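Please look over the sequence and the structure below before reading on. The report goes through the parts of the chain in turn.

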Amino acid sequence: MEQSLKHTLHEQAYQWVLEAGQLIKEKMDTPLEVMTKSSPKDLVTEMDKAVESFFLEKIRKNHPSHKVLGEEGVGEAVHETTGTVWIIDPIDGTMNFVHQKTNFAVSIGIIHEGKAEIGLIYNVMEDTIYHAKRGEGAYKNDKQLPKLPEKTLDQCLIELNHFWLCPNRRVNEEKLQQLVYKAIGTRAYGSAALELAFLAEGITDAYLTFSLQPWDYAGGYVLLEEVGAKLTDAAGQPVDFLSRTTVVAANTSIHQEIINDYIELK
Ligand code: IPD
Ligand code: CA
Ligand code: CA
Ligand code: CA
């Protein structure tokens, strides 16, 4: 992506993400309409839809040729990553948003000709924004995040979610148990975007999940690359920004070891 376009898009996305956060905060104390999607555990609120529509309007007005892939489907269906694609999770961690009114994020990834170029994750209630441009480092607010140090697994905090424990997950649970046993600790924050941001910040060391959608990981992708971490599927293959996938994101010093020794899909 051409340098000046990358800078403009980053600046605009940064501004719009903050405005989206403001929109959410202003309505924080108004009762929410909570609806369910695929199951009673899959929540959505009118705020998720309003924030996604807010982005769609901004992007359509400023960049009519860009595609928009958002979780709530207010944009058109996107089947390929040619051109420029904005991948939007208006509220990542809706369950936290509804039940805790904190620990959720607005996440944006911008993909150009199939390559992730820009990523932003806004931790709304903490008012911290993680952001990165390909080749230009990752930042938390205006502070550059350092490259992640080398670590061994027994020094690492691993982010997991409970889906690994659900029945019918086609994974070797015993191997995962060994990973939990080997690591120094485990965490589950309930927002994939924040979990990736924390990994980029170096306050956790890996994030493993059985199923993520592109909007869950697109905002974190460039952040991770810029600090020297890696995000792939559970077989170590690149993700495609279009389909649901397993995800193993980790400090590079433990990424392959986790895949080789602790994940066996059945
Ligand atoms: C969810 C969160 C959660 C993850 C789920 C996602 P949503 O996103 O990121 O942490 O475990 O897989 O669907 O629905 O709150 O945007
Ligand atoms: Ca959702
Ligand atoms: Ca999400
Ligand atoms: Ca969401």
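What follows describes the domains, a sheet with its hairpins, and a pair of helices in this predicted model.

## Two domains

The protein chain is divided into domain 1, residues 3–144, and domain 2, residues 153–262. Taken over C-alpha atoms, the centres of domain 1 and domain 2 are 21 Å apart. Their contact takes 32 residues from domain 1 and 23 residues from domain 2.

On the side of domain 1 that touches domain 2, the elements giving two or more residues include strand E3 (67–70), strand E4 (84–92), helix H3 (94–99) and strand E5 (105–112). Strands E6 (115–123), E7 (128–133) and E8 (138–140) also belong to that list. The most comes from E6, which gives 7 residues. Sorted by class, this side of domain 1 has 16 nonpolar, 10 polar and 6 charged residues.

## The sheet of seven strands

An open sheet is built from 7 strands in the order E3-E4-E5-E6-E7-E8-E9, and its pairing is mixed. E3 and strand E9 (143–144) are the edge strands, each pairing on one side only. Strands of a sheet pair through backbone hydrogen bonds, in either a parallel or an antiparallel sense.

Within this sheet, E4 and E5 are antiparallel and share 7 bridges. Thr-84 stands opposite His-112 in E5. Helix H2 (residues 46–62) packs on the sheet and touches E3, E4 and E5, with its direction at about 155 degrees to that of E4. Another helix, H6, lies across E3, E4, E5, E6, E7 and E8 and runs at about 105 degrees to E6.

Why is E7 described as largely enclosed by the rest of the structure? The reason is that 5 of the 6 residues of E7 are buried.

E7 pairs with E6 in the antiparallel sense over 6 bridges, and Asn-123 stands opposite Thr-128 in E7. The hairpin of E6 and E7 has 4 residues between the strands, and Asp-127 there takes a positive phi near 55 degrees. E7 also pairs with E8, again in the antiparallel sense, over 3 bridges. The bridge partner of Ala-132 is Ala-138 in E8. The hairpin of E7 and E8 likewise has 4 residues between its strands, and Gly-135 in the turn has a positive phi of about 80 degrees.

## Helices H5 and H6

How do the axes of helix H5 (residues 192–201) and helix H6 (residues 214–226) lie relative to each other? They come within 8 Å and cross at roughly 10 degrees. Angles under 35 degrees count as roughly parallel, so H5 and H6 are roughly parallel to each other.

In H5, Ala-192, Ala-193, Leu-196, Ala-197, Leu-199 and Ala-200 take part in the contact. They meet Asp-216, Tyr-217, Gly-219, Gly-220, Leu-223 and Leu-224 in H6. The residues of this contact divide into 9 nonpolar, 2 polar and 1 charged.

## Strand E12 and its partners

Strand E12 (residues 206–212) is mostly covered, with 5 of its 7 residues buried. E12 pairs with strand E10 (residues 157–159) in the parallel sense over 2 bridges. E12 is also joined by 5 bridges to strand E14 (residues 245–251), and this pair runs antiparallel.

Tyr-207 takes part in both pairings: in E12, Tyr-207 is the bridge partner of Glu-159, and in E14, Ala-249 is the bridge partner of Tyr-207.

Terms used
Residues are numbered from 1 along each chain as its sequence is written. Chains are lettered from A and ligands numbered from 1 in the order in which they are written. This is a predicted model: local features need pLDDT of at least 70, side-chain atom pairs count only at pLDDT 80 or more; totals for chains, interfaces and linings use all residues. Domain bounds come from an automatic or database domain assignment. Two residues are in contact if their C-beta atoms, placed from the backbone, lie within 7 Å. Ala, Val, Leu, Ile, Met, Phe, Trp, Tyr, Cys and Pro count as nonpolar, Asp, Glu, Lys and Arg as charged, and the others, Gly among them, as polar. A residue is buried if 20 or more other C-beta atoms lie within 10 Å of its own, exposed if 12 or fewer, and partly exposed in between; C-beta atoms are placed from the backbone. Two strands pair if DSSP finds at least two bridges between them. Axes are lines fitted to C-alpha atoms, for helices over the stretch in contact, and angles run from 0 to 180 degrees between N-to-C directions. Angles under 35 degrees count as roughly parallel, over 145 as roughly antiparallel, 65 to 115 as roughly perpendicular and the rest as oblique.
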